[in-house]
Amino acid sequence: MKNIKLKLARVEHDLSQAELAERVGVSRQTIGLIELGKYNPTLNLCLAICHTLGKTLDELFWEEPE
């Protein structure tokens, strides 16, 4: 499932995938894959992204069961 919430939060902060990736210590491709729902990030990476974007885990990564 695509992570649209992450993409929207990144755009709100006027960050490219590359800029966010640099701030959290991963490649641009990793951020792209997370946004596409093709990569399941570690908890540490999720936390780093949340801290960088000023969001909570729930706000960026929680999915309601279908």
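What share of the contacts between residues at least 6 apart in sequence joins residues at least 24 apart? In this protein, that share is 49%, with contact meaning heavy atoms within 4.5 Å.

A word on the ground rules. This is a predicted model, where local features need pLDDT of at least 70, side-chain atom pairs count only at pLDDT 80 or more, and totals for chains, interfaces and linings use all residues. Residues are numbered from 1 along each chain as its sequence is written, and side-chain values use heavy atoms, leaving out hydrogens and water.

**Overall fold**

The protein has five helices and zero strands, so the pattern along the sequence reads α-α-α-α-α; helices (H or I, at least four residues) and strands (E, at least two) are DSSP runs, numbered from the N terminus. Some whole-chain numbers:

| Property | Value |
|---|---|
| Radius of gyration | 11 Å |
| C-alpha box along the principal axes | roughly 35 × 20 × 20 Å |
| Buried residues | 33% of the 66 residues |

The radius of gyration agrees with that of a compact globule of 66 residues, which would be near 11 Å. It is taken over C-alpha atoms, and the globule rule is 2.2 Å times the number of residues to the power 0.38. Buried means under 20% relative accessible area, exposed over 50%, and partly exposed in between, with a 1.4 Å probe and protein chains only.

UniProt, in an unreviewed entry, puts the feature "domain: HTH cro/C1-type" at residues 6–60; such annotations may be inferred rather than shown by experiment. The end C-alpha atoms of that span sit 5 Å apart, and the span is 71% helix and 0% strand.

**Helix 2 against helix 3**

The axes of helix 2 (residues 17–24) and helix 3 (residues 28–36) come within 8 Å and cross at roughly 110 degrees. That makes the two helices roughly perpendicular, a label for angles of 65 to 115 degrees. On the helix 2 side, Gln 17, Ala 18, Leu 20, Ala 21 and Val 24 meet Arg 28, Ile 31, Gly 32 and Glu 35 of helix 3. Sorted by class, this contact has five nonpolar, two polar and two charged residues.

**Met 1**

Met 1 lies in the segment before helix 1 (4–12). It counts as exposed because its relative accessibility is 68%. Beyond its neighbours within four places in sequence, Met 1 is in contact with Leu 36, Gly 37 and Glu 63. Met 1 and Leu 20 are 19 residues apart in sequence, and their C-alpha atoms are 20 Å apart in space.

How values were computed: Axes fitted to C-alpha atoms, helices over the stretch in contact; angles between N-to-C directions. Parallel < 35°, antiparallel > 145°, perpendicular 65-115°, else oblique. Nonpolar A, V, L, I, M, F, W, Y, C, P; charged D, E, K, R; others polar.
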